[in-house]
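Q: Could you walk me through this structure piece by piece? I'd like to ask as we go.

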Amino acid sequence: MTHWLLAPILIPLLGAILQIFVGYAPMPLRRVLAIVTSVLTLAAAIVLLNLAGDDTYRVYAMGNWQPPFGIVMVLDRLAAMMLVLTASLALLCHLFSIGGADEGTRQFHSLFLFQLMGLNIAFLTGDLFNLFVAFEILLIASYGLLMHGSGSTRSTPGLHYVVLNLVGSSLFLISVGMIYSVTGTLNMADLAVKVPQVSGDQRFLVEAGGMLLLVVFALKAAVLPLTFWLPRTYASATAPVAAFFAIMTKVGIYGIIRVYPLVFGANAGEMANLGMNWLFPLALATLIMGVIGAMGAQTLRTLVTWQLVISVGTLLAPIALGSQKGLAAALFYLLSTTWTVGGLFLLIELVRSQRGSASDKIVMAPQIRHRTLLSSLFFFGAVSAAGLPPLSGFFGKVMILQSTTSGVEMAWLWGTILTGSFFTLIAYSRAGSVVFWRNIEGEIKNSTPVTPLLAISTGALIGMSVLMVALAGPISAYTSATAVQLLDTRGYIQTLQAPMVEEGS
Amino acid sequence: MELVFALAIGALTAGGVYLLLRARTFPVVLGLTMLSYGVNLFLFASGRLATGSQPVLGTAAQYADPLPQALVLTAIVIGFAMTAFVVVLSLRNLADHGNDHVDGDPKKRTPASKHARERRPL
């Protein structure tokens with residue numbers, strides 16, 4: 001039992017508490033402390049990634065309770081990958097935020113770190129109820145972050161977001177109750193043992209609970225009938241917050257990847273692959289909805305929020321099909337799309353700070369300063385997001401397409417993804433050419449300078465897609481091994497037998 | 001007891017959902033609260049209903065499952081914090097838009113906000 005497992009939770013927790021106490025300290029001190037916390041979290045995540053590379057599960061049982069009785073933290077490849085993804089995204093967004101977005105309230109850094117902590121708990125936990133608690137922690141921090149900033153435009157989308165997520169939490173509790181009432185356990189490994197044994201009338205209760213849980217994860221991930229809260233909410237948040245929220249929809253996807261192959265996977269007897277036949281058409285419909293939204297976007301912000309919806313659809317389709325190659329491809333694309341979309345959110349903030357009253361509207365305006373820098377960053381981001389070669393979005397999509405075997409599903413997936421990518425490309429070209437190329441006479445007042453810090457953090461996030469191409473071999477090897485580990489549930493079930501007491505004591 | 005319990009959960013949930021779909025923030029907040037009461041009772045029932053039994057294994061033939069009670073406690077604490085937050089948020093929504101419509105529709109004014117508006121010095 002290694003204590004490292006708690007590091008990604010404890011570091012942001014302590015850092016956030018420290019931020020509360022130094023709330024009245026000079027800004028530079030608070031910023032340095034906050035960034036140090038983010039860097040340490042990333043370091044801890046990288047340590048765990050190295051640990052997870054040997055394909056064994058590491059279990060940390062709180063208070064040394066033998067699973068399934070206590071709460072356990074479980075580290076495997078998927079958890080480690082999500083931790084590194086989150087910590088790197090958080091660090092770059094955090095760097096961007098100290099460029100000025102963190103001013104206004106004293107609570108920004110502590111809320112940011114609390115949200116990081118909630119995300120890390122969600123990725124590490126091996127207990128369904130603890131997952132609910134993690135969701136609540138990251139949500140309440142996100143409510144605060146969403147309201148950060150001045151102006152009255154945020155309160156209405158914020159209210160919608162909060163109410164919807166509170167209803168989602170209620171549904172989560174109902175589904176947890178349904179599953180517990182039959183299986184008598186909420187430990188995920190134990191559920192994977194108990195659920196296949198459920199028979200008779202009780203099966204329907206577990207099935208209903210499982211489907212309800214899928215609804216909750218779909219709400220977090222913004223799958224089609226539950227997607228409409230996302231664009232307005234994200235478009236109203238401040239830039240580093242919106243960029244960090246790129247990981248929030250992925251938490252819903254993570255929940256699906258974590259729970260469904262394990263508990264309702266191929267070994268679940270009568271409940272095998274529960275809900276996945278629903279998820280596939282819904283994922284494709286989400287993709288189409290996202291493309292329609294992107295085509296109709298009036299502002300760059302809205303365009304990128306719909307890109308989030310597109311990526312959710314693209315990710316969930318191969319996950320619903322459940323093949324090992326599809327899962328590996330989806331994980332690869334998940335890394336690529338999260339970094340790219342986060343980078344685009346930051347970039348758009350830089351663009352709108354240059355355009356005065358034209359803001360980020362897709363309309364003609366006088367030529368902006370730093371046009372070469374900003375437009376080439378936009379070009380890279382758009383190429384990766386739309387999935388054109390040679391950046392990582394292309395490789396992700398190609399791997400997803402290759403993962404399907406022939407049949408009706410293949411036809412649907414290929415058709416939707418390829419057509420969708422084409423129209424996404426049109427949306428980006430239209431937006432980019434109007435904003436950067438078609439200039440009118442005049443001069444922009446009130447443009448704020450782009451400081452090196454802002455440019456570097458934005459460039460680094462977008463540049464991740466270049467880095468992913470350079471390291472495509474090791475990364476895809478890692479995601480393939482992750483998919484193998486996810487689909488072989490025996491290893492996870494073994495965590496129940498983890499020895500809690502040292503031999504001979 | 002089971003019937004009364006089930007009816008109570010059903011009534012709370014139905015009332016909660018009805019209020020959630022209202023157009024003003026105050027009924028929505030009340031609806032969320034009622035829904036969370038219904039959910040808490042539901043969670044409690046997932047450990048089976050029993051009266052006068054102990055939460056300790058081996059002392060009696062029938063025992064009360066302590067885990068759902070712990071879950072309910074956690075859910076109550078979280079629900080309390082969330083309700084407090086959503087109340088503050090709806091107050092800010094009221095202050096920002098001058099009315100308590102959930103969409104912040106400026107065309108519809110409530111008597112309360114109108115009153116506040118008139119009293120505001122120019």
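**Contacts, core and helices**

A: Leaving aside neighbours within four places in sequence, Met73(A) is in contact with Leu5(A), Leu6(A), Tyr60(A), Leu124(A), Thr125(A) and Gly126(A), where contact means that the C-beta atoms of two residues, placed from the backbone, lie within 7 Å. This is a predicted model, in which local features need pLDDT of at least 70 and side-chain atom pairs count only at pLDDT 80 or more, while totals for chains, interfaces and linings use all residues. Residues are numbered from 1 along each chain as its sequence is written, and chains are lettered from A and ligands numbered from 1 in the order in which they are written.

Q: Is Met73(A) buried or exposed?

A: Met73(A) counts as buried because it has 23 C-beta neighbours inside 10 Å; the cut-offs are 20 or more other C-beta atoms within 10 Å for buried, 12 or fewer for exposed, and partly exposed in between. Met73(A) is found in strand S2 (residues 72–75) of chain A, strands being DSSP runs (E) of at least two residues and helices runs (H or I) of at least four, numbered from the N terminus.

Q: OK, and which residues does Trp4(A) touch?

A: Not counting residues up to four places away in sequence, Trp4(A) touches Val47(A), Leu48(A) and Leu51(A). Trp4(A) and Leu48(A) are 44 residues apart in sequence and 7.3 Å apart in space, C-alpha to C-alpha. Trp4(A) is found in the segment before helix H1 (7–21) of chain A, and it counts as partly exposed, with 14 C-beta neighbours inside 10 Å.

Q: Changing topic: how many residues are in the largest nonpolar core?

A: That core has 203 residues, and those with the most contacts inside it are Val263(A), Ala283(A), Leu316(A), Phe345(A) and Leu347(A); a nonpolar core is a set of buried Ala, Val, Leu, Ile, Met, Phe, Trp, Tyr and Cys residues joined through C-beta atoms within 7 Å. Helix H14 (residues 324–354) of chain A gives the most to this core, with 18 residues.

Q: What does Leu316(A) touch?

A: Apart from residues up to four places away in sequence, Leu316(A) touches Val223(A), Ile253(A), Leu279(A) and Ala283(A).

Q: And why is H13(A) largely enclosed?

A: Because 22 of the 22 residues of H13(A) are buried, it is largely enclosed by the rest of the structure. Helix H13 (residues 300–321) of chain A reaches 33 Å from its first C-alpha to its last, close to the 32 Å expected at 1.5 Å a residue, the expected span being 1.5 Å times one less than the number of residues.

Q: What follows H13(A)?

A: Gly322(A) does, and its phi is positive, near 80°.
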